Amino acid sequence: MAAISTIYFSTLKKSDKIVLSAESYGTTLQLGEKLRDFGVEVKTSWPETENIIESIDKNTRLVLIETMTNPTLRVFDVPEISKVCKENNTILAVDNTFATPYLYKPSRDGVEIIIHSLTKYLAGHNDVVGGAVISRREKILQIWDWRRMLGTILPPFEAFLIMRGLKTFELRMEKHCKNAQIIAEYLEDHPKIKEVLYPGLPNNKYHNLARKLFKKGFGGVVSFRIRGGEEEVRKLMNSLKIIKPAPSLGGAESILTYPIISAALTMPRDVREKLGITEDLLRLSVGLEDIEDLIEDIDNALSNI
Ligand SMILES: Cc1ncc(COP(=O)(O)O)c(C=O)c1O
């Protein structure tokens, strides 16, 4: 959020327009809504490529999207959105936290600002909080002043932990993606699972686009709907032995999150339900554990509901 708030403050002024995707990290949206108090026009757009593009006009100063949405894992056609932003002299900022530079490098498609929650895959050990903004040198120099004024500066010990985590980033991502693909395929065949949302599955709506954008896999997060509701979700979460029921993602340990009480908690109920963030939806951040142990853990927990 340090990275995101610094981008909001350093790029927008009164009467500018910002376009946000309606399915973004809840706090990104919450802070985005507050920009209205500073005279910024805030347009929250339906999270599909064509809707984001339709929302962009000559007054749009900034568009902020996530490469893959959280938690339903829609994938944006970033190159297409980037093209339209260029035509309108609009800054495109992409939060690449879920895809990571292992899967996708938005700068290659002309994206001006790339944001990462380092808290997740880049640091990778669930033990540090931090953010990063990546851009061309001249843009960074503008942002730099705002970083000093806002105090959104990474402390040295956190920077050390992140640098240490980065040394194994590629190895970890390879395993996250491999484990996630196996779990997505396993869940797809399970009778207690209603739907699996993972762009690595050939029948997923975003599979072809994901194949075009992502070269080495489809990420470490798998979302799924169980047959049942809140009671079954709680039973499932309480039955897990290896996977931890908690918020966050991208670390060595597998984490199962219940989006309606975490990332989407601040969203109005009707909006989140329209987006598909319903009470039967779970988000699994697949960790680096042995895949057989993970499947056994999920299998046992599902047999309890
Ligand atoms: C896509 C995305 N961006 C930003 C954030 C905020 O990250 P942090 O917790 O490091 O402030 C999150 C947190 O879950 C996220 O999922």
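Trainee: Is N126 buried or exposed, or something in between?

Mentor: The general idea is to count neighbours: a residue is buried if 20 or more other C-beta atoms lie within 10 Å of its own, exposed if 12 or fewer, and partly exposed in between, with C-beta atoms placed from the backbone. N126 has 18 other C-beta atoms within 10 Å, so it is partly exposed. Before we go on, keep in mind that this is a predicted model, where local features need pLDDT of at least 70, side-chain atom pairs count only at pLDDT 80 or more, and totals for chains, interfaces and linings use all residues. Residue numbers run from 1 along each chain as its sequence is written.

Trainee: What is phi near in S248?

Mentor: The phi of S248 is near 75°, again a positive value in a residue other than glycine. S248 sits in the loop between β9 (244-245) and β10, and it counts as partly exposed because it has 17 C-beta neighbours inside 10 Å.

Trainee: Which kind of peptide bond joins N70 to P71, cis or trans?

Mentor: That bond is cis, with omega near 10°. P71 belongs to the loop between β3 (60-66) and α4 (78-87).

Trainee: Which residues surround the ligand?

Mentor: The residues around the ligand are M1, Y25, E66, N70, D95, T97, F98, S117, T119, V129 and G131. By class, this shell has 4 nonpolar, 5 polar and 2 charged residues. For the classes, Ala, Val, Leu, Ile, Met, Phe, Trp, Tyr, Cys and Pro count as nonpolar, Asp, Glu, Lys and Arg as charged, and the others, Gly among them, as polar.

Trainee: How do I read a helix, say α6, and how many of its residues are buried?

Mentor: Start with its length, for which the expected span is 1.5 Å times one less than the number of residues. α6 (residues 137-150) has 14 residues and reaches 20 Å from its first C-alpha to its last, close to the 20 Å expected. The number of buried residues among those 14 is 0, so α6 lies largely in the open.

Trainee: What domains is the chain divided into?

Mentor: Domain bounds come from an automatic or database domain assignment. Here they give domain 1 (2-166) and domain 2 (169-303), whose centres, taken over C-alpha atoms, are 24 Å apart. The contact takes 29 residues from domain 1 and 36 residues from domain 2, where two residues are in contact if their C-beta atoms, placed from the backbone, lie within 7 Å. On the domain 1 side, the elements giving two or more residues are α2 (26-34), α5 (100-103) and α7 (156-166). α5 gives the most, with 3 residues. That side has 15 nonpolar, 10 polar and 4 charged residues.

Trainee: Which residues touch the most other members of the largest nonpolar core?

Mentor: In soluble globular proteins, nonpolar side chains tend to be buried together. A nonpolar core is a set of buried Ala, Val, Leu, Ile, Met, Phe, Trp, Tyr and Cys residues joined through C-beta atoms within 7 Å. The largest one has 81 residues, and V63, A93, I115 and V222 touch the most other members. Helix α8 (residues 169-188) gives the largest share, 6 residues, and the core draws at least three residues from each of domain 1 and domain 2.

Trainee: What is A93 in contact with, beyond four places in sequence?

Mentor: Its contacts are I7, L62, V63, L64, I113 and I115.

Trainee: Is L187 buried or exposed?

Mentor: L187 is in helix α8 and counts as buried, because it has 25 C-beta neighbours inside 10 Å. Leaving out residues up to four places away in sequence, L187 touches I193, V196, V222 and F224.

Note on methods: Helix = DSSP H or I, 4+ residues; strand = E, 2+ residues; numbered from the N terminus. Near = placed C-beta within 6 Å.
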